[in-house]
Amino acid sequence: MRANIFRHEFKMHLRSVITWSVAVAALIFVYVSLFSSFAEQAELLNEMMANFPKELLTAFGLTGVDLSTVLGYYGFVFLFVQVCLAIQAANYGFSLVSVEEREWTADFLLAKPVRRTQILTSKLLAALCGLIITNAVVWISSFGFINLFKGDRTYQTKPLLLLLLSLVVFQLFFLGVGLVISLLVRRIRSVTPYSMALGFGMYVLSVFGDLLGESVLEKITPFKHFNPHYIIQHEAYDWPLVLVSVAVILVSLVGSYVLYVRRDIPAIA
Amino acid sequence: MSVIEANHLTKYYGKARGIIDVSFQVEEGEIFGFIGPNGAGKSTTIRLFLSLIYPTSGSATIFGKDCIKYGPELRRDIGYLPSDVFYYERMKVIDLLKYSASFYDRDCTQRMYELAELMELELHRRIEDLSYGNKKKVGIVQGLLHQPKLLFLDEPTAGLDPLMQRKFFQLIREENQRGVTVFFSSHILGEVQRLCNRVGIIKEGRVIEIADIRTLQQNNYKKVRVEAPGLDAAYFDLPGVTNLEFHNSTVRFFYKGDINAVMRKIGELTVSDVTIEEPTLEEIFMHYYE
């Protein structure tokens with residue numbers, strides 16, 4: 001780890017971190033502020049939802065969810081938060097190394113007296129730092145807005161804490177997988193399609209898993225590993241699936257180091 | 001001890017040829033010219049020395065140490081000016097230079113400002129607003145501010161105006177007088193001729209000649225031009241004659257071999273004009289590439 005690279009990288013991320021944090025906080029605000037009106041009409045709503053096609057409910061993660069409870073409703077909001085954080089983390093993962101090669105600045109950095117492992121560690125920590133800031137904003141705005149808008153309803157703190165604690169692992173999954181994929185391909189021209197594909201792809205995969213009852217698909221997507229409704233209902237993680245996430249993170253990080261250290265830095269032909 | 005030593009360096013990008021079996025040495029205090037057309041493998045060679053890429057086979061040492069294994073340590077004393085300069089677009093010049101300096105243990109501030117002043121670099125502009133020539137100047141300052149002992153210059157003059165080129169050459173000469181070894185790649189022969197002691201010539205990935213600039217010019221070829229009324233091109237059809245041209249009773253050719261043979265031929269003629277001179281490096285070079 002080199003402090004100067006870390007500082008430089010962190011500055012490069014800062015604007016994006018702020019944008020994502022504000023966006024996610026706004027998302028939580030808008031949804032949670034609607035909670036009281038949802039809750040008042042709870043019976044009507046639950047009745048209405050019972051008439052919706054099952055597939056539609058599954059697509060929005062609403063099967064067997066009671067939107068009239070604070071956590072039932074928040075679990076539904078949390079899914080959107082997860083999608084946002086997934087795309088953000090994937091974004092940082094895909095661009096971490098590839099941005100230097102796309103903008104041809106890699107020659108500058110790698111001709112300096114540093115090891116590639118130091119470069120990668122500094123970059124990873126800077127990106128992680130950015131993710132943790134967004135993560136903290138999710139914590140603050142979740143607790144803040146829930147307490148602001150819950151009215152006279154109560155909720156249990158433990159499942160909420162479990163949900164929020166899971167975010168770090170969730171983010172690391174997309175950071176790590178994005179990074180390792182970026183090192184497996186020769187060149188990434190634009191990061192956004194990749195991070196959208198990974199973020200949404202994993203989400204869609206978990207929806208399909210639900211629809212088709214296909215249990216193999218569940219095994220690979222962190223949207224399943226950290227399914228908010230499972231965590232709220234059981235007040236616990238689905239540990240075997242959580243371990244799959246952790247394993248994927250470890251493999252992708254180790255793989256990234258191996259690939260980056262051996263990588264031929266492309267030059268303009 | 002050689003500062004740079006390439007031992008059978010070979011690099012393939014997949015199936016595409018980079019360089020093949022390149023071996024040479026550069027001695028301490030030399031300015032070594034590395035000449036070849038675009039795509040011959042000049043940048044590949046330099047990037048191998050900096051371990052930006054890894055060889056398919058062969059190895060290289062710098063200051064006697066393996067350039068991959070001791071890369072980070074060696075790069076403390078290496079300055080690199082890439083052929084295409086790209087820096088973080090949103091940064092200001094001064095911030096980029098400070099970032100660059102932050103990688104080295106010694107205090108580079110004074111040298112940084114000296115160089116920036118010399119190259120007339122505007123420090124508070126953003127990189128994205130700079131012209132190519134100005135980015136090149138950033139590259140020069142960035143590559144020299146830590147007072148390296150070895151410089152890799154990859155086509156350094158492209159984009160610099162003639163005045164800046166002269167200043168830059170002066171700067172490189174001064175660095176060299178201080179004992180800095182310079183590896184200078186270029187496809188412009190004039191500048192190599194002006195600056196370098198020795199040259200390596202690379203063609204299609206292979207080094208085809210390594211020689212002293214002077215021996216390259218002296219020992220090899222003479223450029224002969226003979227003007228005589230009623231002269232016929234076939235008259236100079238001797239072994240050792242190449243690039244024979246005939247125009248308006250004037251014959252031009254290059255000759256390699258015993259010069260007396262040509263002198264006798266000329267002596268039999270009634271000439272109106274004769275010149276025999278050293279070919280320019282450019283002409284020698286073109287000869288290698290035909």
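Guide: Begin with a word: a helix is a DSSP run, H or I, of at least four residues, and helices are numbered from the N terminus. A cavity is a set of points where a 1.4 Å probe fits but cannot get out. Keep in mind that this is a predicted model.

Visitor: Which element gives the largest share of the lining of the largest cavity?

Guide: That is α5(A), with four residues. Two elements give two or more residues to this lining: α5 and α8 (157-184) of chain A.

Visitor: How many cavities of 30 Å³ or more does the structure hold?

Guide: Three. The largest cavity has about 60 Å³ of space. Its lining residues include A:V97, A:S98, A:E101 and A:R102. Also among them are A:S182, A:L183 and A:R263.

Visitor: How many residues of each class are in the lining of the largest cavity?

Guide: Five are charged, three are nonpolar and two are polar.

Visitor: Now the pockets. How much space lies in the second largest pocket?

Guide: A pocket, unlike a cavity, is an open set of points. The second largest pocket has about 550 Å³ of space. It is lined by 23 residues, and the closest to its centre are A:M12, A:S95, A:V99, A:E103 and B:R90.

Visitor: Which elements of chain A each supply at least two residues of that lining?

Guide: Look for α1 (3-33), α5 (70-102) and α9 (191-212) of chain A. By class, the lining of the second largest pocket has eight charged, eight nonpolar and seven polar residues.

Visitor: Let us move to chain B. How is chain B divided?

Guide: Into domain 1 (2-217) and domain 2 (220-289). Taken over C-alpha atoms, the centres of these two domains of chain B are 39 Å apart.

Visitor: How do I read a strand that is covered?

Guide: Check each residue against a cut-off: buried means under 20% relative accessible area. Then check the two faces of β3(B). B:I31, B:G33 and B:I35 lie on one side, B:F32 and B:F34 on the other, and all are buried.

Visitor: Which strands pair with β3(B), and do they run parallel or antiparallel?

Guide: There are two to look at here, β8 (residues 181-186) and β9 (residues 198-203) of chain B. β3(B) runs parallel to β8(B), joined by five bridges. It also runs parallel to β9(B), joined by four bridges. For landmarks, find B:F34 opposite B:S185 in β8(B). Then find B:F32, whose bridge partner in β9(B) is B:R198.

Visitor: What about antiparallel pairs?

Guide: Take β1(B) and β2 (residues 16-27) of chain B, which pair in the antiparallel sense over eight bridges. Together β1(B) and β2(B) form a hairpin, with two residues between them. B:Y13 has B:A16 in β2(B) as its bridge partner. β1(B) is also joined to β4 (residues 57-62) of chain B by five bridges, and these two run antiparallel. In that pairing, B:A6 meets its bridge partner B:A60 in β4(B).

Visitor: How do I read a phi value?

Guide: Most residues other than glycine have a negative phi. Now see B:H8, not a glycine, with a positive phi of about 55°. B:H8 sits in strand β1 (residues 2-13) of chain B. In the hairpin turn, B:G14 has a positive phi of about 65°.

Visitor: What is the phi of B:N243, and where is the residue placed?

Guide: Phi of B:N243 is near 50°, a positive value in a residue other than glycine. B:N243 lies in strand β12 (residues 241-247) of chain B. B:N243 is partly exposed, with a relative accessible area of 32%.

Visitor: Which sheet holds β12(B), and what is the strand order?

Guide: An open sheet of four strands, in the order β12-β13-β11-β14 (chain B), with antiparallel pairing. β12 and β14 (273-277) of chain B are the edge strands, so each pairs on one side only. From one strand to the next, the twist averages 10°.

Visitor: How many bridges pair β12(B) with β13(B)?

Guide: Five, in the antiparallel sense, with β13 spanning residues 250-255 of chain B.

Terms used: Residues are numbered from 1 along each chain as its sequence is written. Chains are lettered from A and ligands numbered from 1 in the order in which they are written. This is a predicted model: local features need pLDDT of at least 70, side-chain atom pairs count only at pLDDT 80 or more; totals for chains, interfaces and linings use all residues. Side-chain values use heavy atoms; hydrogens and water are left out. Buried means under 20% relative accessible area, exposed over 50%, partly exposed in between (1.4 Å probe, protein chains only). Domain bounds come from an automatic or database domain assignment. Axes are lines fitted to C-alpha atoms, for helices over the stretch in contact, and angles run from 0 to 180 degrees between N-to-C directions. On a 1 Å grid over the protein atoms alone, a cavity is a set of points where a 1.4 Å probe fits but cannot get out, and a pocket is an open set with protein on both sides within 12 Å along at least five of seven lines; lining residues have an atom within 4 Å of a point. Grid points are joined across faces, edges and corners, and a volume is the space filled by probe spheres set on the points. Ala, Val, Leu, Ile, Met, Phe, Trp, Tyr, Cys and Pro count as nonpolar, Asp, Glu, Lys and Arg as charged, and the others, Gly among them, as polar.
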